[in-house]
Amino acid sequence: MPSAKLFSIAPIHPSDCGILENELGISAVLANLLINRGIRTADDARKFLSAGVFGLHDPQAFSDMPKAVALITQAIKSKTPILVHGDYDVDGVTSVVLLKSIITRMGGQVLHYLPHRIKEGYGLTPRIVSLMKTHQAKLLITADCGISSHAQVAQLREQGYEVIITDHHEPADGELPRASAIINPKIKNSGYPFRELAGVGVAYKLCQALTKEKLLQELDLVAVGTVADVVPLLGENRIIVKEGLSRLAQTRRLGLQALIESGGIKAKKLNTTSISFILGPRINASGRMDTAELSFDLLMSEERDQALEFARQIEAHNRARQKVEGRILEEAQDLINREVNFKDHSVIVVAKEDWHQGVLGVVASKLADRFYRPTILISIGSESCKGSGRSIKNFHLFEALCGCKGYLQSFGGHAHAAGLVITEGNIEGFRKQINALAKSKLRLDDLLARLEIDMELGFSQITDGLLDELALLEPFGAGNPEPLFISRNLSLKGAPQELGRETLKFWATDGTSTQEVIGFGMRPLRAELMQAARFDLVYRPVRDTWRGEESIILEAKDIFFTLR
C-alpha cells in the first residue's frame, strides 16, 4: 500500500468550537468534527446528533403527492390492477418490494416488472404498453426510474394510461415526461425540502402518504436501498439509515434474515459497511448476472426455507460475479496500459467486445479508485455498445455526458455514476469530447488522490470517551465520512507482527503514549517501517474485541515515512 496520496488537514475553528463545546457539553474533538461537516450552530448540532423519526419530513410536501395518492386510492377501490416498474439494482428492487407490499396490504391488485439489465437496460421497457394491456392495468407506478423515459410515458398517456413517476435521478436538460404525477425531489418545483433521497426513499414517502402512517417498520428495507445507492447520509437520509439500521438488526423480513446469515454477519453489529460490502452486493448480484427477480423473491419471502434457498442461489451469483469482475478488471487494466496516455487523458474510456455489462460499473469504480480518474468501460456489442462509468470528487459525470450527448444514443445517472448506450463508431469521438470537457474543468490537483483528514491528535487524546463521542456521528457514509485523524512524529515500539491477508500489526508511540496499530494490506511496508526514523500515521480509532475483552486499536489508512 504505497503512500502516494496527498493529504489535507481541515482547519481548526477555535471560536466556533468553543461555542459548541460550551452549549452542548462536548469535547473539542467532536466540536471540530461537526464543524468539518458544515454543522456550526448548537441548534444544527443537536439536530444532527439526535436525529430521529421526529425529523422526517411530511410526504405531502411533494407538490404532486395529492394527485398520486388519489390515483392509487382510486385504483385500489375499483380493483384495477396496478403495475409497478422498477430498476434492477438494490435501490430499484427495494423500491418495488416496498411499493408492492404496502399497496397490496391496502387491498390493491399489484403486479411488478423488473427489466433485464443486459437485454433491456435501464428505464421503462419499450414493451411497457403491451405489458399494461396484458395485465389489464390502468395505472403504472415507476420506482427508481422513469424521469428520462419521455417516449414511453408519452405513448402510455396517449393510450389513456395513468403514470406516476417515483424517481430521484436528475432529469436531462430539465425536461419532464408528461406523467400524471411526478414524485422526484430533484425536479424544479417538487416542493420537497430535501433533494437527496434515494429511489427507495421516494417510494417510502409515497407509501407514507398513502397510509397516513410513518411506517417505521419498513425502514430496515429503506436503509438497505439508501446506503447501497451511495446517496449522502445527511438530513432525512441520516434519519432513515440511523433508524433503519436499528431495525435491520431485528428485522422480521425472512429474506433479509437469510441474507444476513449467508453473508456471515449474523453475530456482528450491523452498520453501513454491512450493507455496502455484504448485503448490497449480494442483492445486486442476481440482477448483474441474470435477473433481479431472484432478489425480489428473496425480499418478499414468507417462508424461512424458501428464503434460505433464495439466499443460497444469490451467493452462487455473487461468486460468479466476483470471478467475471476479476477477469474484466485484468483486461481493462491491459487496455489502459496500452491505450491511455495519462498526460492527455483525464478521463479513462476503454472498450472491448462482449464484456459482461452487469459488472462494468463495479470494475469502473475500482479503476477510478486505482488511477483517480473518471473511468468509463464500454462493452462492444453487435448492434449497440453499453457502458458504465464512475467518477471522482470534482467531475460531475452526468453533466459531462450531457455535453457529449451528440455521440450517445442514451444516457443517465448522477454526479459520480452513469450509464450510456453508444454505437461503436462513436466511441473514439466520445473519448475525445469527454476528455476535452475534462480538460476545461479539471485542474492537476483534482487528479491527485487526497486523504481528507479531520484533525491531528496526540495519542493521549485517544480514549474510550473519544470513541463514545465518535459513535454519535454514525451512521457513516457518503456526505458523512468516518473521521480520519493523523498523529505525527511517531516511532515504532518493537518489531511489527505479520498477519494473514497482507496485514501488519505493531505498536507506535508519540513519546507520551503508546497505541496498537493494525494495517490491512500493509505488510509490504514492514521493512520501510522498521527503517524509518519517524513516521506520521493516518488512521481511524476503533474498538477491538478479543476473547471478550475490548481495547482500542488504530486502523491505519496511510503511513508517511521520515527515513533515517
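R105, E218, D220 and R253 are joined in a network of salt bridges, a salt bridge being a side-chain nitrogen of Lys or Arg within 4 Å of a carboxyl oxygen of Asp or Glu. The model is predicted, so local features need pLDDT of at least 70 and side-chain atom pairs count only at pLDDT 80 or more, whereas totals for chains, interfaces and linings use all residues. Residues are numbered from 1 along each chain as its sequence is written, and side-chain values use heavy atoms, with hydrogens and water left out.

**Overall architecture**

- The protein chain holds 19 helices and 18 strands; helices (H or I, at least four residues) and strands (E, at least two) are DSSP runs, numbered from the N terminus.
- The radius of gyration of the protein chain is 25 Å, close to the 24 Å that the globule rule gives for 564 residues, so the chain is as compact as a globular protein of that length. This radius is taken over C-alpha atoms, and the globule rule is 2.2 Å times the number of residues to the power 0.38.
- Along the principal axes, the C-alpha atoms of the protein chain fill a box of roughly 75 × 55 × 50 Å.
- Of the 564 residues in the protein chain, 54% are buried. Buried means under 20% relative accessible area, exposed means over 50%, and partly exposed lies in between (1.4 Å probe, protein chains only).
- Among the contacts in the protein chain with a separation of 6 or more, 66% involve residues 24 or more positions apart; contact means heavy atoms within 4.5 Å.

**Surface**

- The protein chain exposes about 24,900 Å², and carbon and sulfur atoms supply 49% of this area. Accessible areas come from the Shrake-Rupley method with a 1.4 Å probe; for residues, only the protein chains shown count as cover.
- L6, L444 and L448 make a nonpolar surface patch of about 270 Å². Patches are made of residues with over 30% relative accessible area and no salt bridge, where like charges are joined within 9 Å and nonpolar side chains (Val, Leu, Ile, Met, Phe, Trp, Tyr) within 5 Å.
- L448 is located in the loop between α17 (427-441) and β12 (450-453), and L448 counts as partly exposed because its relative accessibility is 35%.

**Salt bridges**

- The count of salt bridges comes to 37.
- One of them joins K269 and E474, with the closest N and O atoms 3.6 Å apart. K269 lies in the loop between α11 (254-262) and α12 (272-289) and E474 in the loop between α18 (464-471) and β14 (485-499), so the pair ties together parts that are 205 residues apart in sequence. K269 is exposed, at 63% relative accessibility, while E474 is partly exposed, at 28%.
- K352 and E331 also meet through their side chains in a salt bridge (3.9 Å, N to O). This pair links distant parts of the chain, with K352 in strand β7 (residues 348-353) and E331 in helix α14 (residues 304-339), 21 residues apart. K352 is partly exposed, with a relative accessible area of 29%, and E331 is partly exposed, with 21%.
- E555 and R540 form a salt bridge in which the closest N and O atoms are 3.0 Å apart. E555 belongs to strand β18 (residues 549-563) and R540 to strand β17 (residues 532-546), 15 residues apart. E555 is buried, with a relative accessible area of 12%, and R540 is buried, with 18%.

**Interior**

- Helix α2 (residues 28-36) is mostly covered, as seven of its nine residues are buried. The buried residues of α2 are V29, L30, A31, N32, L33, L34 and I35.
- The cover over these buried residues includes α1 (14-24), α3 (42-49), β13 (455-456), α18 and β14.
- G38 follows α2 and has a positive phi, near 80 degrees.
- T142 sits in strand β4 (residues 139-143) and is buried, with a relative accessible area of 0%. Leaving aside neighbours within four places in sequence, T142 is in contact with H85, L124, I164, I165 and T166.

**Cysteines**

- A disulfide is a covalent bond between the sulfur atoms of two cysteines; the cut-off applied here is a pair of cysteine sulfur atoms within 2.5 Å.
- A search of the whole structure finds zero disulfides.
- C145 is in no disulfide, and the nearest cysteine sulfur, that of C207, is 15 Å away.
- C145 counts as buried because its relative accessibility is 0%, and C207 is buried, with a relative accessible area of 0%.
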